[in-house]
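Here's a quick briefing on one protein chain. Have a look at the fold before reading the notes below.

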Amino acid sequence: AFVTAEYTLYLDTYMGGAEGKTGAFSFQFNMLMEKTVKVIRFIIDELKNSAFDVEDTELDFPNDIHSYSYILPDGHEIRIRGKVDRVDSSVQDNEKYIRIIDYKSKSESKGFSLTEAYYGLDLQMLIYLIAITRNGGYRYGDFKPGGVLYSNVLFGQFSEKDAKGTTPDDLIRDAFKLKGLYVDEERFSIA
């Protein structure tokens with residue numbers, strides 16, 4: 001009900017209301033609203049079954065946390081700017097761990113690849129985790145890095161082959177499932 005009300009308010013306030021819109025527009029608008037509800041339900045389900053709690057959302061470098069910088073051999077400085085979609089924490093065996101989550105909204109979201117990171121590609125999430133680890137003590141207290149994860153919040157059509165032996169909800173849940181790298185896979189495998 002909340003999502004429907006917010007979508008309707010947005011439609012009325014910024015798009016001139018529903019009147020006069022094409023059938024295709026109305027269909028796409030309603031599909032987007034339904035997908036939003038499914039994403040919210042997934043996030044709620046994931047948080048209920050996780051050892052992690054949300055610490056921050058939309059964490060901004062450098063406004064919310066000190067920026068990470070790197071001095072090049074020639075003396076020039078590189079400063080990292082950006083936003084982390086979600087920062088979670090969990091206390092395990094009296095140690096606090098921080099993980100960061102990036103929500104991907106591209107239809108072909110690949111998630112984290114250790115191979116690409118090894119070759120210097122797709123380092124964004126690791127750099128953010130390093131920045132939080134080095135500069136986030138004043139915000140999160142004493143902690144260790146826990147991991148970097150991605151969640152695909154945009155899902156398309158599923159084929160008949162995909163659906164064999166499973167339910168539509170299971171297909172959607174699998175599409176949304178957090179994928180990535182934990183510093184200690186065994187410790188967080190159920191998180």
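A residue is called buried here when its relative accessible area is under 20%, and exposed when that area is over 50%. Y150 comes out at 3% relative accessibility, so Y150 counts as buried. Keep in mind that this is a predicted model. The protein has eight helices and seven strands, and 32% of its 191 residues count as buried.

**Overall picture**
- If you take the contacts with a separation of 6 or more, 68% of them are between residues 24 or more positions apart.
- Y150 sits in strand β6, which covers residues 144-152.
- Y150 and M125 are 25 residues apart along the chain, and their C-alpha atoms are separated by 9.2 Å.

- Helix α4 runs over residues 124-135, which makes twelve residues.
- From first C-alpha to last, α4 reaches 16 Å, close to the 16 Å expected at 1.5 Å a residue.
- Which residues of α4 are buried? They are M125, Y128, L129, A131 and I132.
- Looking down the axis of α4, you find these buried residues within an arc of 160°, so they line one face of the helix.
- The cover over the buried residues of α4 includes strands β1, β4, β5 and β6, along with helix α5 (137-140).

- Helix α1 has 13 residues, which should span 18 Å at 1.5 Å a residue; the end C-alpha atoms are 18 Å apart, so the two figures agree.
- The buried residues in α1 include V3, Y7 and L11.
- Seen down the axis of α1, the buried residues fall within an arc of 70°, so they too line one face of their helix.
- Part of what covers those buried residues is α2.
- The axes of α1 (residues 2-14) and α2 (residues 23-48) come within 10 Å, crossing at roughly 140°.
- Is that crossing left-handed or right-handed? The α1 and α2 pair crosses in the right-handed sense.
- On the α1 side, the contact is made by V3, T4, Y7 and L11.
- On the α2 side, it's F25, F29, L32, M33, T36, V37 and I40 that make the contact.
- Sorted by type, the residues of this contact are nine nonpolar and two polar, with no charged ones.

**Backbone spots to check**
- Just after α1, G16 takes a positive phi of about 75°.
- E58 has a positive phi too, near 55°, and E58 isn't a glycine.
- E58 lies in strand β1 and is partly exposed, with a relative accessible area of 39%.
- N94 is another non-glycine residue with a positive phi, this time about 65°.
- You'll find N94 in the loop between β4 (82-92) and β5 (95-104).
- Is N94 buried or exposed? N94 has 79% relative accessibility, so N94 counts as exposed.
- The peptide bond from F61 to P62 is cis, and its omega is near 10°.
- P62 belongs to the loop between β1 (53-61) and β2 (69-71).

Key: Residues numbered from 1 in each chain as written. Predicted model: local features only at pLDDT ≥ 70, side-chain atom pairs only at ≥ 80, totals over all residues. Heavy atoms only, no water. Axes fitted to C-alpha atoms, helices over the stretch in contact; angles between N-to-C directions. Helix = DSSP H or I, 4+ residues; strand = E, 2+ residues; numbered from the N terminus. Left-handed = near helix turned anticlockwise from the far one by under 90°. Contact = heavy atoms within 4.5 Å. Nonpolar A, V, L, I, M, F, W, Y, C, P; charged D, E, K, R; others polar. Expected span 1.5 Å × (residues − 1). Buried < 20%, exposed > 50% of the residue type's maximum accessible area, 1.4 Å probe, protein only. Arc of directions from axis to C-beta.
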